[in-house]
Amino acid sequence: GLAGCSSGPATAPTGDGPVELSVFWWGGPERAKLTEQALRLYSESNPRVRFRITWQGLDGYYGRLATQAGGGNVPDLIQLDDSVLTEYAEREIILDLTEHVADNRLDLRNLPDGLARYGQVEGRTMAVAAGQTAAAVIFNRDLLRELRIPEPRAGMAWEEYVDWAEQVTDASRGRVAGTTDPSGDYRALWLWLRG
């Protein structure tokens, strides 16, 4: 999730009047349903806050968001992938949340440190991660038993994992690749860098 802002200065709401925030994200119907439920729960706990909701599939999402940004009409809360976060931060399309995090108005203390830093650009908090995924290794236990290769274990260093994968390939006489080739997926690079 990411707090967006218009081209004008960010100000805190004053008084006790209602607050309406526009929200825009991409995803399918199930994500929309769950997000809308979460926003309703927030409004129930904070009755003066309401949300104007817009969502769509990924196709065309960033084009539509770019059009809104070009017109100075970015929604208050938007979804950005980290692949475009730096660009939106450098173009000052999104709100710098650093002060809000520093005084805990935006409380990130319960997030793992790496996840809290995930939304930083040049030391400034520009976004808050909406969730976290974890890498997993899926393997064929029966095949490994047949090849007499031990199962991979949690915490393997990358060199150990590569050695293990080579053992699988060698033991199968090249019939089975010990691991996939994720070199075309930038997320694999991120996992490697984080490790």
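Mentor: Strand 2 (residues 19-26) and strand 3 (residues 49-56) run parallel and are joined by 8 bridges. This is a predicted model, in which local features need pLDDT of at least 70, side-chain atom pairs count only at pLDDT 80 or more, and totals for chains, interfaces and linings use all residues. Residues are numbered from 1 along each chain as its sequence is written, and side-chain values use heavy atoms, with hydrogens and water left out.

Trainee: What makes strand 2 and strand 3 a pair?

Mentor: Two strands pair if DSSP finds at least two bridges between them, and here there are 8 bridges, so the two strands count as paired. One of the bridge partners is Arg 50 in strand 3, which belongs to Glu 20.

Trainee: Which hand has the β-α-β crossover from strand 2 to strand 3?

Mentor: The chain passes through helix 1 (residues 29-45) and the crossover is right-handed, a term used if, with the strands pointing away from the viewer, the path from the first strand over the helix to the second runs clockwise.

Trainee: What is the pLDDT over residues 1-11?

Mentor: The pLDDT, the predictor's confidence in each residue from 0 to 100, is below 50 over residues 1-11, whereas the protein chain averages 88.

Methods
Contact = heavy atoms within 4.5 Å. Helix = DSSP H or I, 4+ residues; strand = E, 2+ residues; numbered from the N terminus.
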